[in-house]
Amino acid sequence: MLMSVLDGARLAPAYPRIAGKRVLITGLTSRCGVDVARVFAEHKTRLVLQFAETGQEMHTVAEIVAQDALEVSAFGRVGPQTDEVVRFARDAVKAFGGVDLVINFVQLSAQNANQLASVDAIERTIAERLAVPCLLSKIAANRMSLAWTEGLILNIATLPGAPHGANQAFAAVVKSTLAAMTRSLASEWADKAIRFNAIAPPTWPSALDRGALAEAEMAELALELASGRGKTLSGCLFESAGEI
């Protein structure tokens, strides 16, 4: 993933209105979210990056985006405790005096799905994993509303492996849970001009053939939603074509 980004062709900025915007991207890893960070850097935004991994690859990613972004502020891992999430969210928003766009990457795993007793147990497990991005989304939305900012929050859930067997069932529950969360948040913040959208992992092996989003298209979708062209879209759930 990282090498494909390093070796890939640079994209010409196609959304001039995005320049200068303050973009918070959380949950970054060497395999998840690098393309998105890169294209927003190339569109001359101010980036706040939160890395879910440590190591040289993460330093490399930060160096890559810093070459094009107006400014970059980087944070390391954030614990799951509410006070840690709140503290990080406040610090991240303060980095550039506010935030216009938040993209949360949530990496899930169906590894232990077969050990859960029921669909309700699976739903509770997924809801727990989505609790952190949900809290981040609400804190960011509140800050946007206080600053009279027309903002966008995009939550992207990823699931390793092809959608087969337990993985497929797990992905279906992720999709339905994420859809419900997105619709609820979009409705709650609609009168504040803050939009919520999401991208779910594929639920069928033929997802790509059915028009699901490939990795490069994810970054393009994020740009589209953040631009004036996406101002009418809120409460929408898109489906990826595979692991980001």
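**Notebook: sheet and aromatic pair**

I looked up S1 and S4 to begin: strand S1 (residues 22–28) and strand S4 (residues 101–107) pair in parallel over four bridges. I count two strands as paired if DSSP finds at least two bridges between them. Strands (E, at least two residues) and helices (H or I, at least four) are DSSP runs numbered from the N terminus. Ile25 has Ile103 in S4 as its bridge partner.

I note that this is a predicted model: local features need pLDDT of at least 70, side-chain atom pairs need 80 or more, and totals for chains, interfaces and linings use all residues. Residues are numbered from 1 along each chain as its sequence is written, and side-chain values use heavy atoms, without hydrogens or water.

Next I traced the open sheet. Its seven strands run S3-S2-S1-S4-S5-S6-S7, with parallel pairing. S3 and strand S7 (236–239) are at the edges with a single partner strand each, so one side of each lacks a neighbour in the sheet.

Then I checked the aromatic rings. I found one aromatic pair. The ring centres of Phe75 and Phe88 are 5.3 Å apart and the planes stand at 80°, so the pair is edge-to-face. Rings of Phe, Tyr and Trp (its six-membered ring) pair with centres within 6.5 Å; planes under 30 degrees apart are stacked, over 60 edge-to-face, the rest tilted. Phe75 is in strand S3 (residues 71–75) and Phe88 in helix H4 (residues 82–94), 13 residues apart.

Phe75 is partly exposed at 22% relative accessible area. Phe88 is buried at 7%. Buried means under 20%, exposed over 50%, partly exposed in between (1.4 Å probe, protein chains only).
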